[in-house]
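Welcome, and thanks for taking a look at this protein with us. Here is a short briefing to read alongside the structure.

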Amino acid sequence: MQIPLLRLQCGVNSYDWGKLGQESAAAKYAATTASSDFSIENEKPYAELWMGTHPSLPSKDLETQRTLLDLVQDNQALMSTEITERYGGKLPFLFKVLSIRKALSIQAHPNKKLAEQLHAKDPRNYPDDNHKPEMTIAITPFEGLCGFRPLAQIVHFLKAVDPLRNLVGHQVASDFEETVKGSEDSEEEAVVSKNKDALRAVFTSLMQSSPESIEAATKDLVAAAESSPATFASGGTDQEITPSPRELAELVTRLNGQFPNDIGLFVLFFLNYVKLSPGEAMFLKADDIHAYISGDIIECMASSDNVVRAGFTPKFKDVDTLTKMLTYSYAPIEEQKMDPTDYPYAMLNTVAYTSSSAAILYDPPIEEFSVVKTDLNRTGAKATFDPIPGPSIFICTEGKGKISVGPKTEEIKEGYVFFVGADAECIIENTGSGEADEDVFTTFKAFCELTGKEDMVNGH
Ligand SMILES: [Zn+2]
């Protein structure tokens with residue numbers, strides 16, 4: 001029988017927002033297994049490395065050059081028959097590395113029902129009928145926008161930032177302020193629901209602004225950012241607002257440089273601004289609004305390419321669908337960040353324990369995927385992963401080591417990607433030089449196992 005450990009060759013795409021040349025982790029990783037005609041061009045943007053079976057950029061077995069899709073369909077045991085049946089012979093998740101130089105579009109991903117409707121109506125812009133919950137783990141410092149700010153902060157900005165209030169409309173802004181006044185932090189269901197309706201009204205009004213009024217408001221906003229960042233200070237609320245006024249002014253200027261006169265500049269004041277340090281993560285369930293601004297990240301999602309966009313993009317925008325679909329949940333950013341836990345199914349050896357090595361689990365409330373990050377901090381540190389009844393993909397983001405399934409052992413270092421089949425025990429070991437005190441070997445493993453997750457559904 002073939003041993004279910006395959007080194008993958010993964011492609012990188014070249015969207016405009018990607019980091020350039022060698023700056024791009026996605027490009028560097030792709031270069032370690034790319035076909036002989038791939039070389040990194042210094043001025044070219046490299047955005048996303050794709051690991052999986054999605055037909056837009058399918059991964060291949062390096063040795064045989066067969067696609068992973070072909071292999072898992074040929075041999076159902078690689079994914080388990082249960083997962084093969086449930087996901088129509090395709091990998092349930094798509095695993096990616098994103099290298100972000102310029103903001104990605106302001107977007108949300110549809111829930112399953114909406115995805116089916118959108119795909120039936122407009123298959124060109126909505127290429128499949130699947131939902132796309134996604135999880136982001138930073139590998140370098142990351143910044144992005146995610147979910148609506150607490151209401152008191154939005155009220156504050158509507159008062160403090162005149163160009164924003166002008167765009168929204170004074171009456172609409174006052175109506176919003178009246179409705180939420182005194183109940184910004186209430187958790188009572190009826191009140192929250194009323195506040196969400198008010199937020200929907202004010203945000204929809206903003207998003208429907210005409211190009212002319214956006215252009216005029218942008219001029220005023222950029223002038224304010226350049227001459228008096230204090231405009232953005234949190235005078236009207238006792239909550240601490242991030243980013244600081246100075247950072248917010250810098251952000252306005254930077255984003256206007258990337259996307260001049262874009263409604264996204266004003267969406268900034270409605271959404272939480274989030275910074276993730278390496279290893280920190282956030283999960284976006286269906287219909288959550290977000291935009292990524294900069295950094296390198298590991299991303300895992302259900303295997304779908306459905307995006308509803310409304311700003312910071314030259315692509316198709318669907319403002320009407322976006323403003324209707326959003327959850328309008330408002331909460332401090334801390335509530336959107338994930339709490340990784342120790343992964344109990346990877347056994348560390350003594351060297352691993354004594355060097356504070358760790359395997360930690362990012363486990364979103366959906367069945368398609370989870371991710372384990374493993375840091376093995378010294379030569380000889382080893383982690384043994386229990387067999388699971390589902391497929392896994394490993395990528396190494398730092399250092400070097402080896403990876404084994406049964407009698408098969410392969411070298412693994414920065415950028416190398418491996419597929420590990422269902423029911424296989426897998427061992428990874430740091431084989432660094434051992435000279436440095438900290439000689440980290442880091443891998444991320446995405447996997448799917450249905451056991452124990454049957455009762456969980458995605459939000460809606
Ligand atoms: Zn997204």
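Predicted model: local features only at pLDDT ≥ 70, side-chain atom pairs only at ≥ 80, totals over all residues.

The protein chain folds into 13 helices and 25 strands, and its C-alpha atoms fill a box of roughly 70 × 50 × 45 Å along the principal axes.

**Overall fold**
- The radius of gyration is 23 Å, which agrees with the value near 23 Å for a compact globule of 460 residues.
- Buried residues account for 50% of the 460 residues.
- Among contacts with a separation of 6 or more, 76% join residues 24 or more positions apart.

**Helix H8**
- Helix H8 covers residues 189-207 and spans 26 Å from first to last C-alpha, close to the expected 27 Å.
- Its buried residues are Asn195, Ala198, Leu199, Val202, Phe203, Leu206 and Met207.

**Annotated binding site**
- An unreviewed UniProt entry lists Gln107, His109, Glu134 and His290 under "binding site".
- These residues are spread over 184 residues of sequence, yet they cluster in space, with a largest C-alpha distance of 12.1 Å.
- His109 lies in the loop between strand S8 and helix H4, and its contacts beyond four places in sequence include Glu134.
- His290 belongs to strand S13, and Gln107 is one of the residues His290 touches.
- Buried or exposed? His109 counts as buried, with 25 other C-beta atoms within 10 Å; His290 is buried too, with 22.

Notes: Residues numbered from 1 in each chain as written. Helix = DSSP H or I, 4+ residues; strand = E, 2+ residues; numbered from the N terminus. Rg over C-alpha atoms; globule rule 2.2 N^0.38 Å. Buried ≥ 20, exposed ≤ 12 C-beta atoms within 10 Å, placed from the backbone. Contact = placed C-beta atoms within 7 Å. Expected span 1.5 Å × (residues − 1). UniProt positions renumbered as here; feature names shortened; annotations may be inferred.
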